[in-house]
Amino acid sequence: MAIKRSWRPLLLAGLVIAMLALAWLPVGDLDPGKRSNKPYLYVSYEVTGTKNPQLEDVLFDVEQRIESRHEWRLLDQPQDHAWTLNVTVEAADLLQLSGQLSAPTESDTSSSIQRFKVQGQMETFGALPEQYVKILIELVENGHKVQSSL
């Protein structure tokens, strides 16, 4: 009998800890877009025009810069609660990085689309991805703040 009584406080403490752990876990009634303070982002990439290895390098640079940022959570598939970005790299007279950023469509408000581009001479291809990502960060952060305040 003495052995059973010594286990009772441990079982009660374990039960209390388990109840506290269950109370701390989210209940699952939050929308997927509200489960994180960071916005979700789905990105698609495209090179238009002639297949130039330099354009592929610029696109790769943009992709790496977007993936390395901590301002958002990247998704593999487009979803209603995520921002959608279409990145296009093209070169005619100038090297041009175009972006079309669509706001999440989960809310009842109308979806907004913002288009932006960064362009320069082919010799400046190293600096353009950095400027592109800076503009993207500003647009997503400002849009996310506006949506969070609604």
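# Core, helix packing and salt bridges

Buried residues make up 30% of the 150 residues in the chain. The model is predicted.

Reader: In what order do the elements of the chain run from the N terminus on?
Author: The chain has 3 helices and 5 strands. Read from the N terminus, their order is α-β-α-β-β-β-β-α.

Reader: Which element gives the most residues to the largest nonpolar core?
Author: The core has 25 residues, and Leu41, Ile66, Leu85, Val87, Leu101, Tyr132 and Leu136 touch the most other members. Two or more residues come from each of β1 (40–47), α2 (53–68), β3 (83–91), β4 (95–102), β5 (113–120) and α3 (128–149). With 6 residues, the element that gives the most is α3.

Reader: Which residues is Ile66 in contact with, leaving aside its neighbours within four places in sequence?
Author: Ile66 is among the core residues that touch the most other members. Setting aside the neighbours within four places, its contacts are Leu41, Val43, Tyr45, Trp72, Leu74, Leu85, Val87, Val133 and Leu136.

Reader: How are α2 and α3 placed to each other: roughly parallel, roughly perpendicular or oblique?
Author: Two packed helices are described by the angle between their axes and the distance between the axes. For α2 and α3 the angle is about 40° and the axes are 9 Å apart. Angles under 35 degrees count as roughly parallel and 65 to 115 as roughly perpendicular. The two helices, α2 and α3, are therefore oblique.

Reader: Which residues of α2 and α3 make the contact between these helices?
Author: The crossing of α2 past α3 is right-handed. On the α2 side the contact is made by Val58, Asp61, Val62, Arg65 and Ile66, and on the α3 side by Pro129, Glu130, Tyr132, Val133 and Leu136.

Reader: How many residues apart in helix α2 are Asp61 and Arg65?
Author: Side chains of opposite charge can pair when their charged atoms come close. Asp61 and Arg65 meet in a salt bridge at 3.0 Å, N to O. Both are partly exposed, Asp61 at 22% relative accessibility and Arg65 at 28%. They are separated by about one helical turn, because their spacing in α2 is 4 residues.

Reader: Is Glu71 buried or exposed?
Author: Glu71 forms a salt bridge with Arg69, at 2.7 Å from N to O. Arg69 is partly exposed, with a relative accessible area of 32%. Residues under 20% count as buried. Glu71 has a relative accessibility of 13%, so Glu71 is buried.

Reader: Is Lys134 buried or exposed?
Author: Lys134 pairs with Glu130 in a salt bridge of 3.6 Å, N to O. The two lie 4 residues apart in helix α3, and so about one helical turn separates them. Glu130, at 36% relative accessibility, is partly exposed. At 52%, Lys134 counts as exposed.

Reader: How many salt bridges does the structure hold?
Author: One joins Asp61 and Arg65, and another joins Glu71 and Arg69. Glu130 and Lys134 form a further salt bridge. The number in the structure is 3.

Definitions and conventions
Residues numbered from 1 in each chain as written. Predicted model: local features only at pLDDT ≥ 70, side-chain atom pairs only at ≥ 80, totals over all residues. Heavy atoms only, no water. Core = buried A, V, L, I, M, F, W, Y, C linked by side-chain atoms within 4.5 Å. Buried < 20%, exposed > 50% of the residue type's maximum accessible area, 1.4 Å probe, protein only. Contact = heavy atoms within 4.5 Å. Salt bridge = Lys/Arg side-chain N within 4 Å of Asp/Glu carboxyl O. Axes fitted to C-alpha atoms, helices over the stretch in contact; angles between N-to-C directions. Parallel < 35°, antiparallel > 145°, perpendicular 65-115°, else oblique. Left-handed = near helix turned anticlockwise from the far one by under 90°.
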